Amino acid sequence: MRISHIELYSWKNFRKANVDVPERVFLVGPNASGKSNFLDALRFLRDLAARTGGLQRACAERGGVSKIRCLAARQDPDIGLTVELTNGGKTVWRYEIKFNQEIRGNRLPRLTREAVFKDEQLVLERPDEDDKRDPLRLTQTALEQINLNVGFRELAQAFERISYLHLVPQIIRAGGSPGNGEAAEVYGQNFLERLAKTNDKTRGARLRRIREALAIAVPQLKDLELTRDERGAPHLVGAYKHWRPKAAKQTEEQFSDGTLRLLGLLWSLQEGDGPLLLEEPELSLHSSIIRRLPELIHRLQRKRKRQVFISTHSMDLLSGSGIGAEEILMLIPSAEGTQVKLAASVAEIRALMENGMSAAEAVIPHTEPPLITQLELFE
Amino acid sequence: MKRPVSLAVEGTLDEKVLRRLLDQVAGERLEPGICYVQNGRERLKQNTPRFNQAARFQPFVILADLEADDCAPTLIEDWLPAGAHPNLALRIAVRKVESWLLADWRACADFLGVSERLLPRQPDNEPDPKLALVNLARRSRSRHIRDDVAPVAGSTSRVGRNYVGQLTRFILQGWDA
């Protein structure tokens, strides 16, 4: 199951966005155009459905409703998300949520609409009679409640499988006690713990593939494996070849930023099966690797048929072959909020790419900040 | 209503020159938008037929350097053997865009901090106007210009570390397009 359609209303940078999305999506746009915030809308759905999540927590983690609401929004105070999920080309599910916050009291986030459709048939629509009798119910979605989501548990589970990856080497190295905050999950604080918890056979198979890839990208590093120190904390250990006959042992604390990020990327691409959100996978990597990332990601995802969303600033990444204008979402900021446009919807870009120009050359110029050439005068 | 037009050039300085020229000659009629900066003449040549295809949907102005080629008309024939789409204008700077900058010799001498006598009166005849510009900068009274525009001795770079910044300032503020 994959996400086929996304609508955002008053969501952070986006006053209104409405796009169809394919199996692989590249998000491009200038700094602060909302690439991460677009991905965050999908993470929000995951947070609603997650076992430890729900509307209140998902909003609180984002600093409250007023931090989520688009600054360009006018009268309508509601924030809204709508997604459609398809299974083999047919729309199976549609989920709509709108919310704002209580006007008085604790100003808790409060639903103004929640609706679920299966094959265009209405499964759930709120507020319903029960909600009218007990308005406090509107502080929770049906999605987050096991006894209310019986009729669409498949949808809740699909949201729960969305995963986000933005590994920060410094955080992986720092490690520390595994918590369950954002740093732990998405930035890699418990990355090593996650590795250690995977069963031996699976971990062995994944690490073997990572060793094969690293043998090409970082040939000095050999024999990568997971060990535990005397206190039981997991560490990645590799042999670093140098001029002495015996290679020196190194742990993740000595690995370079690029090695750690590549390692984390290769691991994550081998786990899970829901949509994967990758934030700037090009960071710290050599351009020869970046150019090959789109195909590498595709090859590692092929078996799992996992949908991938990739935010990027990289000319190298988008210069890879096989990237179509129908896979690229351009985020263009304006006074009315960021506009989201499929690159294939611009006739000029279509013509350039159909005649053999790479996505990098055809699309990136369209996403430059309008006054960028003034930067030359800055001193 | 101004007509939107896309641009394609070899480098960032060419973009600035082209935007200033368009503003001067067609500021009321054209609205230059996206600029495809190609990082080199070969890439621009390679992509020109593609821009020509895209010109069906969007007018294009392309600015290229003639460099060592014979003359502008044969270059256009070479780059677009099937002819240019009516929506596409391919314009050629004889030898290099820098010769257009040298052509405003009063302002250029003032910007470079050299005597007007040193500037070529026929910049189109300069075999390498960029080199001519850099060599003039070496003789500048201003240390800033010497350091910024000319490369340090022994460098493999053909220009100084703030060549684009200094020339941008000139194109936007000093040069009479």
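This is a predicted model: local features need pLDDT of at least 70, side-chain atom pairs count only at pLDDT 80 or more; totals for chains, interfaces and linings use all residues.
Residues are numbered from 1 along each chain as its sequence is written, chains are lettered from A and ligands numbered from 1 in the order in which they are written, and side-chain values use heavy atoms, with hydrogens and water left out.

Q: How many residues in the contact of α9(A) with α10(A) are charged?
A: From α9(A) come R203(A), R206(A), L207(A), I210(A), A213(A), L214(A) and A217(A), and from α10(A) come L262(A), L263(A), L266(A) and W267(A), contact meaning heavy atoms within 4.5 Å. For the classes, Ala, Val, Leu, Ile, Met, Phe, Trp, Tyr, Cys and Pro count as nonpolar, Asp, Glu, Lys and Arg as charged, and the others, Gly among them, as polar. The residues of this contact divide into nine nonpolar, no polar and, as charged members, two.

Q: How do α1(A) and α5(A) relate, and which residues of α5(A) meet α1(A)?
A: The axes of helix α1 (residues 35–49) and helix α5 (residues 153–160) of chain A come within 7 Å and cross at roughly 125°. That angle makes α1(A) oblique to α5(A). On the side of α1(A) the residues are L45(A), R46(A) and A49(A), and these meet A156(A), F159(A) and E160(A).

Q: What is the angle between α1(B) and α8(B), and how many of their contact residues are polar?
A: In chain B, the axes of helix α1 (residues 12–26) and helix α8 (residues 163–174) come within 10 Å and cross at roughly 5°. This crossing makes α1(B) roughly parallel to α8(B). T12(B), L13(B), K16(B), V17(B) and R20(B) of α1(B) meet Y163(B), V164(B), L167(B), T168(B), I171(B) and L172(B) of α8(B). By class, the contact has seven nonpolar and two charged residues, and its polar residues number two.

Q: Which peptide bond is cis, and where is P127(A) found?
A: Most peptide bonds are trans. The bond from R126(A) to P127(A), however, is cis, with omega near 0°. As for its place in the chain, P127(A) is found in the loop between β7 (121–126) and α4 (129–133) of chain A.

Q: What is the phi of K12(A)?
A: Most residues other than glycine have a negative phi. K12(A) lies in the loop between β1 (2–11) and β2 (14–20) of chain A. Although K12(A) is not a glycine, its phi is positive, at about 50°.

Q: Which residues is A89(B) in contact with, leaving aside its neighbours within four places in sequence?
A: A89(B) lies in strand β4 (residues 88–93) of chain B. Its C-alpha atom and that of Q53(B), 36 residues apart along the chain, are separated by 13 Å. With neighbours within four places in sequence left aside, A89(B) is in contact with F60(B), V61(B) and I62(B).

Conventions:
Helices (H or I, at least four residues) and strands (E, at least two) are DSSP runs, numbered from the N terminus. Axes are lines fitted to C-alpha atoms, for helices over the stretch in contact, and angles run from 0 to 180 degrees between N-to-C directions. Angles under 35 degrees count as roughly parallel, over 145 as roughly antiparallel, 65 to 115 as roughly perpendicular and the rest as oblique.
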